[in-house]
Amino acid sequence: MPHRHRHHRAVGAAVAATAALLVAGLSGSASAGTAPAGSAPTAAETLRTDAAPPALLKAMQRDLGLDRQQAERRLVNEAEAGATAGRLRAALGGDFAGAWVGGAESGTLTVATTDAADVAAIEARGAKAKVVRHSLADLDAAKARLDKAVAGLNTADAPVWYVDSRANTVVVEAIRPTAARKLLTAAGVDDSLARVDRRTERPRTFYDLRGGEAYYINNSSRCSIGFPVTKGTQQGFATAGHCGRTGAGTTGANRVAQGTFQGSIFPGRDMAWVATNSQWTATPYVLGSGGQNVQVTGSTVAPVGASVCRSGSTTGWHCGTITQHNTSVTYPEGTISPVTKTTVCAEPGDSGGSYISGSQAQGVTSGGSGDCRTGGETFFQPINALLQNYGLTLKTTGDDGGEEPGEPGGTWAAGTVYQPGDTVTYGGATYRCLQGHQAYAGWEPPNVPALWQRV
(Lines give C-alpha, C1' and ligand atoms only; values in the text may rest on other atoms or scores of the structure.)
Protein backbone atom coordinates (compact mmCIF):
# COMPACT_ATOMS: atom_id res chain seq x y z
CA MET A 1 0.00 0.00 0.00
CA PRO A 2 1.32 3.53 -0.74
CA HIS A 3 1.56 4.68 2.90
CA ARG A 4 3.88 1.72 3.68
CA HIS A 5 6.33 2.92 1.01
CA ARG A 6 6.30 6.42 2.46
CA HIS A 7 6.87 4.97 5.91
CA HIS A 8 10.00 3.04 4.89
CA ARG A 9 11.46 6.00 3.03
CA ALA A 10 11.01 7.96 6.26
CA VAL A 11 12.72 5.24 8.30
CA GLY A 12 15.67 5.17 5.92
CA ALA A 13 15.96 8.95 6.01
CA ALA A 14 15.89 8.96 9.77
CA VAL A 15 18.71 6.41 9.92
CA ALA A 16 20.83 8.29 7.38
CA ALA A 17 20.28 11.64 9.05
CA THR A 18 21.45 10.33 12.40
CA ALA A 19 24.28 8.04 11.31
CA ALA A 20 26.71 10.06 13.42
CA LEU A 21 24.80 9.02 16.52
CA LEU A 22 25.35 5.25 16.19
CA VAL A 23 25.72 3.83 19.68
CA ALA A 24 29.23 2.71 20.63
CA GLY A 25 27.85 1.50 23.96
CA LEU A 26 26.00 -1.43 22.38
CA SER A 27 29.30 -3.07 21.55
CA GLY A 28 30.31 -2.94 25.21
CA SER A 29 32.89 -0.22 24.65
CA ALA A 30 34.01 1.37 27.89
CA SER A 31 34.55 4.62 26.03
CA ALA A 32 30.93 4.90 24.94
CA GLY A 33 30.25 7.56 27.53
CA THR A 34 32.97 9.93 26.30
CA ALA A 35 32.17 12.31 23.47
CA PRO A 36 34.81 14.07 21.36
CA ALA A 37 35.40 17.70 22.25
CA GLY A 38 32.73 19.96 20.79
CA SER A 39 30.30 17.15 19.94
CA ALA A 40 26.84 16.62 21.40
CA PRO A 41 26.81 14.78 24.75
CA THR A 42 26.29 11.04 24.70
CA ALA A 43 23.35 9.47 26.47
CA ALA A 44 25.70 8.24 29.20
CA GLU A 45 26.93 11.79 29.77
CA THR A 46 23.40 13.22 29.78
CA LEU A 47 22.22 10.63 32.32
CA ARG A 48 25.42 10.94 34.40
CA THR A 49 26.30 7.27 34.59
CA ASP A 50 29.61 8.46 36.02
CA ALA A 51 27.69 9.62 39.11
CA ALA A 52 26.91 6.05 40.17
CA PRO A 53 28.39 5.74 43.69
CA PRO A 54 30.53 2.83 44.93
CA ALA A 55 27.65 1.50 47.05
CA LEU A 56 25.39 1.08 44.01
CA LEU A 57 28.15 -0.48 41.92
CA LYS A 58 28.94 -2.95 44.72
CA ALA A 59 25.29 -3.94 45.01
CA MET A 60 25.15 -4.50 41.24
CA GLN A 61 28.26 -6.66 41.46
CA ARG A 62 26.76 -8.77 44.24
CA ASP A 63 23.25 -9.20 42.84
CA LEU A 64 24.03 -9.33 39.10
CA GLY A 65 27.30 -11.29 39.27
CA LEU A 66 29.47 -8.53 37.78
CA ASP A 67 32.88 -7.02 38.47
CA ARG A 68 33.33 -3.26 38.88
CA GLN A 69 34.19 -2.58 35.24
CA GLN A 70 31.28 -4.67 34.01
CA ALA A 71 28.89 -2.75 36.27
CA GLU A 72 30.19 0.57 34.95
CA ARG A 73 29.96 -0.59 31.32
CA ARG A 74 26.44 -1.89 31.92
CA LEU A 75 25.22 1.53 33.06
CA VAL A 76 26.81 3.19 30.00
CA ASN A 77 25.31 0.63 27.61
CA GLU A 78 21.85 0.90 29.16
CA ALA A 79 21.89 4.67 28.76
CA GLU A 80 22.91 4.43 25.12
CA ALA A 81 20.44 1.61 24.41
CA GLY A 82 17.56 3.67 25.77
CA ALA A 83 18.41 6.53 23.43
CA THR A 84 18.74 4.24 20.42
CA ALA A 85 15.45 2.50 21.21
CA GLY A 86 13.76 5.90 21.45
CA ARG A 87 15.01 6.94 18.02
CA LEU A 88 13.92 3.66 16.47
CA ARG A 89 10.52 3.85 18.14
CA ALA A 90 10.01 7.26 16.52
CA ALA A 91 11.25 6.03 13.13
CA LEU A 92 9.25 2.78 13.03
CA GLY A 93 5.96 4.34 14.10
CA GLY A 94 3.11 1.82 14.20
CA ASP A 95 5.45 -1.08 13.37
CA PHE A 96 7.31 -0.71 16.68
CA ALA A 97 6.75 -3.73 18.96
CA GLY A 98 9.04 -3.04 21.92
CA ALA A 99 12.73 -2.98 22.87
CA TRP A 100 14.90 -4.55 25.55
CA VAL A 101 18.53 -5.02 26.53
CA GLY A 102 20.34 -8.28 27.26
CA GLY A 103 23.72 -9.69 28.25
CA ALA A 104 25.78 -9.32 31.42
CA GLU A 105 26.78 -5.79 30.40
CA SER A 106 23.50 -5.00 28.58
CA GLY A 107 25.58 -5.00 25.42
CA THR A 108 22.74 -6.15 23.16
CA LEU A 109 19.70 -4.06 22.30
CA THR A 110 16.84 -5.90 20.57
CA VAL A 111 14.10 -3.94 18.82
CA ALA A 112 10.95 -5.70 17.65
CA THR A 113 8.90 -4.76 14.60
CA THR A 114 5.86 -6.12 12.81
CA ASP A 115 7.38 -5.48 9.36
CA ALA A 116 10.42 -7.33 8.02
CA ALA A 117 11.19 -4.31 5.85
CA ASP A 118 12.29 -2.49 9.05
CA VAL A 119 15.10 -4.96 9.82
CA ALA A 120 17.79 -3.09 7.87
CA ALA A 121 16.97 0.19 9.62
CA ILE A 122 17.13 -1.47 13.04
CA GLU A 123 20.42 -3.22 12.32
CA ALA A 124 21.90 -0.01 10.93
CA ARG A 125 21.56 1.45 14.42
CA GLY A 126 23.60 -1.38 15.97
CA ALA A 127 20.56 -3.23 17.37
CA LYS A 128 19.24 -6.73 16.77
CA ALA A 129 15.92 -6.94 14.95
CA LYS A 130 13.06 -9.29 15.79
CA VAL A 131 10.03 -9.54 13.51
CA VAL A 132 6.84 -10.31 15.44
CA ARG A 133 3.10 -10.53 14.87
CA HIS A 134 1.71 -7.84 17.17
CA SER A 135 2.67 -4.17 17.53
CA LEU A 136 3.27 -2.68 20.96
CA ALA A 137 0.22 -0.46 20.40
CA ASP A 138 -1.98 -3.53 19.86
CA LEU A 139 -0.63 -5.27 22.98
CA ASP A 140 -1.00 -2.11 25.07
CA ALA A 141 -4.61 -1.81 23.89
CA ALA A 142 -5.31 -5.40 24.94
CA LYS A 143 -3.74 -4.78 28.34
CA ALA A 144 -5.86 -1.63 28.71
CA ARG A 145 -8.98 -3.75 28.15
CA LEU A 146 -7.87 -6.01 31.01
CA ASP A 147 -7.41 -2.95 33.24
CA LYS A 148 -10.94 -1.82 32.41
CA ALA A 149 -12.49 -5.26 32.92
CA VAL A 150 -10.99 -5.69 36.39
CA ALA A 151 -13.43 -3.16 37.87
CA GLY A 152 -16.14 -5.80 38.03
CA LEU A 153 -14.01 -8.82 38.94
CA ASN A 154 -12.16 -10.31 41.89
CA THR A 155 -8.62 -10.80 40.57
CA ALA A 156 -7.00 -12.11 43.76
CA ASP A 157 -6.33 -15.41 41.95
CA ALA A 158 -5.03 -13.67 38.81
CA PRO A 159 -3.11 -10.83 40.46
CA VAL A 160 -0.56 -9.71 37.83
CA TRP A 161 -0.81 -8.86 34.13
CA TYR A 162 1.44 -6.99 31.70
CA VAL A 163 2.72 -6.69 28.14
CA ASP A 164 5.74 -8.94 27.58
CA SER A 165 7.46 -7.40 24.56
CA ARG A 166 10.11 -10.11 24.43
CA ALA A 167 7.42 -12.78 23.99
CA ASN A 168 5.14 -10.44 21.97
CA THR A 169 2.14 -11.23 24.13
CA VAL A 170 0.05 -10.10 27.08
CA VAL A 171 0.76 -12.26 30.14
CA VAL A 172 -1.65 -12.94 33.00
CA GLU A 173 -0.01 -14.54 36.04
CA ALA A 174 -2.49 -16.61 38.01
CA ILE A 175 -2.76 -18.74 41.13
CA ARG A 176 -5.74 -20.41 39.44
CA PRO A 177 -5.69 -20.46 35.61
CA THR A 178 -9.50 -20.36 35.51
CA ALA A 179 -9.33 -16.90 37.12
CA ALA A 180 -7.04 -15.72 34.33
CA ARG A 181 -9.37 -17.10 31.67
CA LYS A 182 -12.29 -15.34 33.32
CA LEU A 183 -10.41 -12.03 33.20
CA LEU A 184 -9.39 -12.51 29.56
CA THR A 185 -12.96 -13.39 28.57
CA ALA A 186 -14.40 -10.39 30.41
CA ALA A 187 -11.91 -8.12 28.64
CA GLY A 188 -12.54 -9.65 25.23
CA VAL A 189 -8.83 -10.41 24.75
CA ASP A 190 -8.28 -13.16 22.19
CA ASP A 191 -6.07 -16.16 22.99
CA SER A 192 -3.73 -15.15 20.16
CA LEU A 193 -2.82 -12.03 22.14
CA ALA A 194 -2.42 -13.58 25.59
CA ARG A 195 -0.66 -16.22 27.65
CA VAL A 196 -1.43 -17.49 31.16
CA ASP A 197 1.49 -18.21 33.52
CA ARG A 198 1.25 -19.95 36.89
CA ARG A 199 2.41 -18.23 40.08
CA THR A 200 2.30 -19.44 43.67
CA GLU A 201 2.29 -16.25 45.77
CA ARG A 202 -0.05 -13.30 46.02
CA PRO A 203 1.74 -9.93 45.94
CA ARG A 204 1.38 -7.71 49.00
CA THR A 205 2.33 -4.22 50.04
CA PHE A 206 5.40 -4.03 52.26
CA TYR A 207 4.03 -2.64 55.48
CA ASP A 208 5.82 -2.71 58.86
CA LEU A 209 7.54 0.04 57.57
CA ARG A 210 11.09 1.27 57.24
CA GLY A 211 12.94 2.31 54.16
CA GLY A 212 16.05 4.12 52.96
CA GLU A 213 15.15 6.90 55.39
CA ALA A 214 12.43 5.91 57.84
CA TYR A 215 9.53 8.15 58.80
CA TYR A 216 6.54 7.61 61.03
CA ILE A 217 2.90 8.20 60.11
CA ASN A 218 0.70 9.60 62.92
CA ASN A 219 3.36 8.43 65.41
CA SER A 220 2.62 4.76 64.70
CA SER A 221 3.42 2.96 61.45
CA ARG A 222 6.63 3.54 59.52
CA CYS A 223 7.47 3.94 55.82
CA SER A 224 10.34 5.06 53.62
CA ILE A 225 11.16 8.34 51.96
CA GLY A 226 11.24 7.72 48.23
CA PHE A 227 12.78 10.83 46.65
CA PRO A 228 13.08 14.43 47.90
CA VAL A 229 11.00 16.83 45.79
CA THR A 230 9.95 20.47 45.63
CA LYS A 231 6.74 22.22 44.64
CA GLY A 232 7.64 25.84 44.10
CA THR A 233 9.39 26.82 47.32
CA GLN A 234 7.78 23.99 49.31
CA GLN A 235 10.08 21.07 50.08
CA GLY A 236 9.02 17.48 50.70
CA PHE A 237 9.32 13.91 49.47
CA ALA A 238 7.60 11.33 47.29
CA THR A 239 6.52 8.00 48.76
CA ALA A 240 3.96 5.22 48.40
CA GLY A 241 0.25 5.99 48.68
CA HIS A 242 -0.45 2.99 50.90
CA CYS A 243 1.83 4.51 53.56
CA GLY A 244 -0.61 7.25 54.60
CA ARG A 245 -3.74 9.16 53.71
CA THR A 246 -4.02 12.84 52.84
CA GLY A 247 -3.77 14.91 56.02
CA ALA A 248 -1.80 12.33 58.01
CA GLY A 249 1.12 13.80 59.95
CA THR A 250 4.68 12.50 59.79
CA THR A 251 7.75 12.54 62.01
CA GLY A 252 11.28 11.68 60.97
CA ALA A 253 13.41 8.73 62.03
CA ASN A 254 14.62 10.99 64.87
CA ARG A 255 10.97 11.50 65.97
CA VAL A 256 11.15 15.21 65.16
CA ALA A 257 7.99 16.73 63.63
CA GLN A 258 8.38 16.52 59.87
CA GLY A 259 5.36 17.17 57.66
CA THR A 260 1.91 16.27 56.33
CA PHE A 261 0.63 14.12 53.47
CA GLN A 262 -0.59 16.54 50.79
CA GLY A 263 -1.96 13.88 48.48
CA SER A 264 -2.29 10.10 48.48
CA ILE A 265 -3.75 7.57 46.04
CA PHE A 266 -4.16 3.88 46.87
CA PRO A 267 -5.40 1.60 45.40
CA GLY A 268 -5.60 2.45 41.69
CA ARG A 269 -2.16 4.01 41.90
CA ASP A 270 0.32 3.82 44.78
CA MET A 271 1.59 7.39 45.02
CA ALA A 272 1.77 10.12 47.65
CA TRP A 273 3.80 13.12 48.66
CA VAL A 274 4.58 14.77 51.99
CA ALA A 275 5.26 18.49 52.44
CA THR A 276 7.86 19.03 55.15
CA ASN A 277 8.35 21.89 57.59
CA SER A 278 11.30 24.30 57.61
CA GLN A 279 13.41 21.98 59.75
CA TRP A 280 13.80 19.58 56.84
CA THR A 281 15.76 20.25 53.63
CA ALA A 282 15.32 18.33 50.40
CA THR A 283 18.62 16.94 49.11
CA PRO A 284 19.44 15.29 45.75
CA TYR A 285 20.39 12.00 47.42
CA VAL A 286 19.17 8.53 48.27
CA LEU A 287 20.58 6.82 51.35
CA GLY A 288 23.01 4.15 50.23
CA SER A 289 24.91 1.31 51.86
CA GLY A 290 26.88 2.36 54.92
CA GLY A 291 25.21 5.78 54.96
CA GLN A 292 26.73 6.88 51.65
CA ASN A 293 24.89 9.41 49.51
CA VAL A 294 23.66 8.19 46.11
CA GLN A 295 23.25 11.10 43.70
CA VAL A 296 20.04 11.62 41.77
CA THR A 297 20.55 13.51 38.50
CA GLY A 298 17.25 12.90 36.70
CA SER A 299 14.34 10.54 36.09
CA THR A 300 14.86 9.09 32.62
CA VAL A 301 13.02 5.77 32.33
CA ALA A 302 15.34 2.73 32.05
CA PRO A 303 14.46 0.09 29.40
CA VAL A 304 13.27 -3.46 30.02
CA GLY A 305 16.25 -5.60 30.96
CA ALA A 306 18.13 -2.69 32.54
CA SER A 307 19.65 -2.88 36.00
CA VAL A 308 17.80 -1.21 38.88
CA CYS A 309 18.69 -0.93 42.57
CA ARG A 310 16.51 -0.35 45.62
CA SER A 311 17.26 1.24 48.98
CA GLY A 312 15.49 0.05 52.12
CA SER A 313 16.39 0.07 55.79
CA THR A 314 15.18 -3.49 56.38
CA THR A 315 17.27 -5.16 53.69
CA GLY A 316 19.69 -2.42 52.58
CA TRP A 317 20.78 -2.16 48.96
CA HIS A 318 19.59 -4.80 46.52
CA CYS A 319 19.73 -4.83 42.75
CA GLY A 320 18.09 -6.70 39.91
CA THR A 321 16.59 -5.95 36.53
CA ILE A 322 13.45 -4.35 35.14
CA THR A 323 11.36 -7.17 33.71
CA GLN A 324 8.19 -5.34 32.58
CA HIS A 325 6.82 -1.83 32.32
CA ASN A 326 3.07 -1.10 32.27
CA THR A 327 2.18 -3.91 34.70
CA SER A 328 -1.03 -4.29 36.71
CA VAL A 329 -0.95 -5.99 40.12
CA THR A 330 -3.73 -6.94 42.54
CA TYR A 331 -3.04 -6.67 46.29
CA PRO A 332 -5.56 -7.54 49.01
CA GLU A 333 -6.43 -3.82 49.09
CA GLY A 334 -7.12 -3.56 45.34
CA THR A 335 -5.51 -3.31 41.90
CA ILE A 336 -2.65 -0.93 41.08
CA SER A 337 -1.78 0.09 37.50
CA PRO A 338 0.58 0.83 35.93
CA VAL A 339 3.59 -0.26 37.96
CA THR A 340 7.00 -1.60 36.92
CA LYS A 341 7.87 -5.24 37.66
CA THR A 342 11.42 -6.10 38.79
CA THR A 343 13.56 -8.97 40.02
CA VAL A 344 14.70 -6.92 43.03
CA CYS A 345 13.80 -8.39 46.42
CA ALA A 346 12.24 -6.52 49.35
CA GLU A 347 10.73 -7.23 52.75
CA PRO A 348 8.38 -5.53 55.21
CA GLY A 349 9.96 -2.22 56.13
CA ASP A 350 11.16 -1.42 52.61
CA SER A 351 7.85 0.09 51.44
CA GLY A 352 7.94 3.52 49.79
CA GLY A 353 11.70 3.42 49.24
CA SER A 354 13.74 4.42 46.22
CA TYR A 355 14.47 2.60 42.96
CA ILE A 356 17.33 4.03 40.93
CA SER A 357 19.11 3.02 37.71
CA GLY A 358 22.57 4.54 37.67
CA SER A 359 21.77 8.08 38.81
CA GLN A 360 18.24 8.14 37.34
CA ALA A 361 15.27 7.90 39.71
CA GLN A 362 12.81 5.22 38.62
CA GLY A 363 10.10 4.86 41.28
CA VAL A 364 9.01 4.10 44.83
CA THR A 365 8.49 0.66 46.34
CA SER A 366 4.89 -0.52 46.15
CA GLY A 367 4.82 -4.26 46.94
CA GLY A 368 5.77 -7.72 45.78
CA SER A 369 6.32 -11.27 46.96
CA GLY A 370 9.13 -13.40 48.33
CA ASP A 371 12.01 -12.03 50.43
CA CYS A 372 15.72 -11.27 50.25
CA ARG A 373 16.79 -14.64 51.64
CA THR A 374 15.13 -16.89 49.08
CA GLY A 375 14.54 -14.29 46.36
CA GLY A 376 11.46 -12.45 45.22
CA GLU A 377 9.93 -9.85 42.93
CA THR A 378 8.82 -6.28 43.51
CA PHE A 379 6.69 -3.65 41.84
CA PHE A 380 7.38 0.07 41.94
CA GLN A 381 5.21 3.09 41.26
CA PRO A 382 7.00 5.01 38.47
CA ILE A 383 8.30 8.33 39.75
CA ASN A 384 7.49 10.39 36.63
CA ALA A 385 3.76 9.65 36.91
CA LEU A 386 3.88 10.68 40.57
CA LEU A 387 5.72 13.92 39.78
CA GLN A 388 3.28 14.74 36.99
CA ASN A 389 0.18 13.95 39.05
CA TYR A 390 1.14 16.29 41.91
CA GLY A 391 3.08 18.93 39.96
CA LEU A 392 6.34 18.13 41.78
CA THR A 393 9.96 18.61 40.75
CA LEU A 394 12.49 15.93 41.58
CA LYS A 395 15.43 17.26 43.58
CA THR A 396 18.58 16.60 41.55
CA THR A 397 22.23 17.52 41.59
CA GLY A 398 22.84 20.71 39.68
CA ASP A 399 19.21 21.86 39.73
CA ASP A 400 20.02 24.95 41.75
CA GLY A 401 22.83 27.41 42.24
CA GLY A 402 23.14 28.27 38.56
CA GLU A 403 21.57 30.87 36.35
CA GLU A 404 18.57 29.97 34.25
CA PRO A 405 19.31 29.97 30.51
CA GLY A 406 17.85 32.66 28.34
CA GLU A 407 14.35 31.90 27.06
CA PRO A 408 14.45 31.24 23.30
CA GLY A 409 10.69 30.80 23.05
CA GLY A 410 8.68 27.65 22.55
CA THR A 411 6.55 25.15 24.44
CA TRP A 412 9.37 23.20 26.17
CA ALA A 413 9.40 23.91 29.91
CA ALA A 414 11.64 22.78 32.76
CA GLY A 415 9.72 20.75 35.35
CA THR A 416 7.39 19.17 32.79
CA VAL A 417 7.21 15.38 32.56
CA TYR A 418 7.51 14.27 28.94
CA GLN A 419 6.62 10.86 27.45
CA PRO A 420 8.00 9.21 24.28
CA GLY A 421 6.32 10.75 21.24
CA ASP A 422 5.50 14.10 22.88
CA THR A 423 6.47 17.08 20.72
CA VAL A 424 7.63 20.53 21.80
CA THR A 425 9.01 23.63 20.17
CA TYR A 426 12.23 25.30 21.28
CA GLY A 427 14.16 28.10 19.62
CA GLY A 428 11.97 27.94 16.53
CA ALA A 429 12.44 24.18 15.99
CA THR A 430 10.22 21.19 16.76
CA TYR A 431 11.49 18.21 18.78
CA ARG A 432 10.07 14.75 19.55
CA CYS A 433 10.65 13.11 22.96
CA LEU A 434 12.59 9.82 22.76
CA GLN A 435 12.60 8.72 26.43
CA GLY A 436 10.28 9.52 29.32
CA HIS A 437 11.79 12.05 31.77
CA GLN A 438 11.21 15.21 33.76
CA ALA A 439 12.85 18.22 32.09
CA TYR A 440 15.46 20.36 33.82
CA ALA A 441 17.45 23.49 32.99
CA GLY A 442 20.42 22.20 31.02
CA TRP A 443 18.30 19.47 29.42
CA GLU A 444 16.90 21.75 26.70
CA PRO A 445 16.12 19.73 23.54
CA PRO A 446 19.12 20.87 21.46
CA ASN A 447 21.47 19.92 24.32
CA VAL A 448 20.35 16.33 24.91
CA PRO A 449 19.99 14.25 21.73
CA ALA A 450 19.57 11.19 23.95
CA LEU A 451 16.18 12.57 25.02
CA TRP A 452 14.99 14.69 22.08
CA GLN A 453 15.05 14.36 18.30
CA ARG A 454 14.60 17.34 15.99
CA VAL A 455 11.79 16.79 13.49
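**View 1. Helix H6, residues 136-149 of a predicted model.** Here's H6, with 14 residues and a reach of 20 Å from first C-alpha to last. That is close to the 20 Å expected at 1.5 Å a residue, where the expected span is 1.5 Å times one less than the number of residues. Helices (H or I, at least four residues) and strands (E, at least two) are DSSP runs, numbered from the N terminus. The buried residues of H6 are Leu136, Leu139, Ala142, Lys143, Leu146 and Ala149; buried means under 20% relative accessible area, exposed over 50% and partly exposed in between, with a 1.4 Å probe and protein chains only. Looking down the axis of H6, the buried residues fall within an arc of 150°, so they line one face of the helix. The arc is taken over the directions from the helix axis to the C-beta atoms. Ala137 and Lys148 are exposed, on the face turned away from the buried side.

A couple of notes on the numbers: this is a predicted model, so local features need pLDDT of at least 70 and side-chain atom pairs count only at pLDDT 80 or more, while totals for chains, interfaces and linings use all residues. Residues are numbered from 1 along each chain as its sequence is written, and side-chain values use heavy atoms, with hydrogens and water left out.

**View 2. Alanine 186 in helix H7.** H7 covers residues 177-187. Alanine 186 is partly exposed, at a relative accessible area of 46%. Leaving aside neighbours within four places in sequence, alanine 186 is in contact (heavy atoms within 4.5 Å) with Ala149 and Leu153.

**View 3. The hairpin of E1 and E2.** Strand E1 (residues 96-102) has 6 of its 7 residues buried, so it is largely enclosed by the rest of the structure. E1 runs antiparallel to strand E2 (residues 108-113), joined by 5 bridges; two strands pair if DSSP finds at least two bridges between them. Valine 101 sits opposite leucine 109 in E2. The hairpin has 5 residues between the strands, and glycine 103 takes a positive phi near 95°.

**View 4. An open sheet of 8 strands.** The order is E9-E8-E12-E13-E14-E11-E10-E23, with antiparallel pairing. Strand E9 (221-224) and strand E23 (393-394) are the edge strands, each pairing on one side only. E9 and strand E8 (residues 214-217) pair in the antiparallel sense over 4 bridges, and tyrosine 215 has cysteine 223 in E9 as its bridge partner. Helix H8 (residues 383-390) lies across strand E10 (227-231), strand E11 (234-239), E13, strand E14 (271-276) and E23. H8 runs at about 60° to E14, with axes fitted to C-alpha atoms (for helices over the stretch in contact) and angles going from 0 to 180 degrees between N-to-C directions.

**View 5. Serine 264 in strand E13.** E13 spans residues 257-265. Serine 264 counts as buried, at 17% relative accessibility. A polar atom of the serine 264 side chain lies 2.9 Å from the backbone oxygen of glycine 241. Beyond neighbours within four places in sequence, serine 264 is in contact with Gly241, Gly244, Arg245, Thr246, Met271, Ala272 and Tyr390.

Terms used:
Polar contact = N/O pair within 3.5 Å; in protein donor to acceptor, adjacent residues only side chain to side chain.
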